[in-house]
Amino acid sequence: MRVSQILIGAGLCTGLLAWDSAALAQQQPAQRPRSDPGQVDARAGGSRFGDALPGLNAAQMADFAQGKAEFLNVEDVEGGLGPIFNNSSCVSCHGIPAVGGSSTTLVTRFGLRVGNAYDPLVELGGSLLQDFAIDPAAQERVPAGANVIARRQSTPLFGLGLIEAIPDAAIIAAARRPKPFGIRGRAAEISDIATGQMRIGRLGWKAQLATLLDFAGDAYLNEMGVTSRLFPHENAPNGSAALLAQFDSVADPEDVVDPATGKGDIDLAGDYMRLLAPPPRDPQSPSARSGEFVFEQVGCAACHTPVYQTGPSAIAALDRKPVALYSDLLLHDMGALGDGIAQGAAGPREMKTAPLWGARVSAPYLHDGRAGTVDQAIRAHDGEAAQVRDRYRQLTPTAQRQLLEFVDTL
Ligand code: HEC
Ligand code: HEC
């Protein structure tokens, strides 16, 4: 049995949260992923989905454990949940096949398209819909006037510390490199929430944020209704200040910095995600190795670039390390596959190249989960990826199968 199958099976039968990966390591020493001498990244070090990065010191391991506890923590109304929210813990949407993973949960965004202009309908509670409320009277609905409604799938968080540590300059350089098959791609210039500085976004389907702290603050507010020093204002239900005043009884910011540690919940969750190991890599069969060649030849690697390098980091495990994520982290005009929402630097048709590492455990695929298989995901590519998609379609069935086997090892 392959390691990933053991993990998925064990995760299901023991329950995600109670799942103890250390026990598996003891029972199944021969089944752990092997280092491939050709692979130089932290992904070949024998870690499993949900583990901490290899090579952390004791203080960093303590940060990981404390952050994980916060990530598992279920927020309640007294602690600031709501008035409107999508779920009550991070892990509820990020728990498959292990804590820190993805889920099939979709969230809804809406807006108004007028010609080429996009209006996120902020005054009506857009662009993110909150599906739940602490009181039925505060329940949000997609406003009748919205003509763009898009679904977004929860993404896995494995290895995001490595992605965060990639220098902006490396992503800008990737945007400038000439590319084949009509592919362009641009770096997402955004303003960092914590510092106000111009940064290159790389997180989220639209590369809308650059740092894990910003994303943690964003998720606490927009998914759970918990305000923090970075996001001090609650979302008003469908924009109604009156409903907000009626149902928001906890003083903002709800997440406060603990004077003893200097950290709030957003910092703890940020620490946890930063120290989460990247997806382990599966061993490659000869056929998957042929598929790697096909992947490059057909043009996938022009957007799903195999590797970046992190810059200098105070955390040794993130310091100048290869990041085998299979994404250029650039925005591409994906034509009909775009979700119609403008967000951060991304226009309605632009999407960030989704990293392919760990894709074997994150089905369904694409931003709205429309593709059940990798093959279906490729066939739905459009816009800048149209030529490469057509080249894939023209491959022999054997070459297609090899390519898919390769993607299944990442
Ligand atoms: C209701 C489900 C839901 C909950 C709860 C939730 N998330 Fe997410 N998360 C998502 C979705 C959907 C996305 C994709 C967002 C996008 O780009 O539009 C996402 C994306 C992310 C990303 C970016 C991942 C990447 O690949 O770039 C981070 C980081 C993240 N979430 C952290 C958190 C944290 C921390 C919490 C708890 C505070 C949390 N999430 C709670 C649904 C959820
Ligand atoms: C022009 C750049 C580009 C090219 C070329 C390209 N992709 Fe993509 N790929 C993307 C973008 C952007 C997304 C995210 C699309 C979305 O869901 O909105 C994506 C998503 C995916 C996904 C879904 C990942 C997930 O987690 O949901 C898979 C699988 C994938 N691509 C595989 C491939 C393969 C295999 C090839 C070559 C046949 C390829 N792609 C060529 C840009 C590209």
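This is a predicted model: local features need pLDDT of at least 70, side-chain atom pairs count only at pLDDT 80 or more; totals for chains, interfaces and linings use all residues.

User: Why are H9 and H12 called roughly perpendicular?

Analyst: Helix H9 (residues 286-298) and helix H12 (residues 397-407) pack at an angle of about 100 degrees. Angles of 65 to 115 degrees count as roughly perpendicular, and H9 and H12 are therefore given that label. Their axes are 7 Å apart.

User: Which residues of H9 and H12 meet, and what kinds are they?

Analyst: On the H9 side they are Ser287, Ala288, Ser290, Gly291, Glu292, Val294 and Phe295. On the H12 side they are Ala399, Gln402, Leu403, Glu405 and Phe406. This contact divides into six nonpolar, four polar and two charged residues.

User: What makes Asp382 partly exposed?

Analyst: Asp382 has 15 other C-beta atoms within 10 Å. A buried residue needs 20 or more and an exposed one 12 or fewer, so Asp382, with 15, is partly exposed.

User: Where does Asp382 lie, and with which residues is Asp382 in contact?

Analyst: Asp382 lies in the loop between H10 and H11. Leaving aside neighbours within four places in sequence, Asp382 is in contact with Met334, Gly335, Ala336 and Leu337. Asp382 and Asp333 are 49 residues apart in sequence, and their C-alpha atoms are 8.3 Å apart in space.

User: What surrounds ligand 1?

Analyst: Ligand 1 is surrounded by 27 residues, the closest being Asn86, Cys90, Cys93, Gly204 and Ala219. Strand E5 (148-153), helix H6 (212-224) and helix H8 (265-274) each give two or more residues to this shell. H6 gives the most, with seven. By kind, the shell around ligand 1 has 15 nonpolar, nine polar and three charged residues.

User: Which residues are closest to ligand 2, and which element gives the most to the shell around ligand 2?

Analyst: The closest of the 29 residues around ligand 2 are Cys300, Cys303, Met351, Tyr365 and Leu366. Strand E11 (350-352), helix H10 (374-379) and helix H11 (386-393) each give two or more residues. H10 gives the most, with three. The shell around ligand 2 divides into 20 nonpolar, seven polar and two charged residues.

Notes: Residues are numbered from 1 along each chain as its sequence is written. Chains are lettered from A and ligands numbered from 1 in the order in which they are written. Axes are lines fitted to C-alpha atoms, for helices over the stretch in contact, and angles run from 0 to 180 degrees between N-to-C directions. Helices (H or I, at least four residues) and strands (E, at least two) are DSSP runs, numbered from the N terminus. Angles under 35 degrees count as roughly parallel, over 145 as roughly antiparallel, 65 to 115 as roughly perpendicular and the rest as oblique. Two residues are in contact if their C-beta atoms, placed from the backbone, lie within 7 Å. Ala, Val, Leu, Ile, Met, Phe, Trp, Tyr, Cys and Pro count as nonpolar, Asp, Glu, Lys and Arg as charged, and the others, Gly among them, as polar. A residue is near a molecule or strand if its C-beta atom, placed from the backbone, lies within 6 Å of it.
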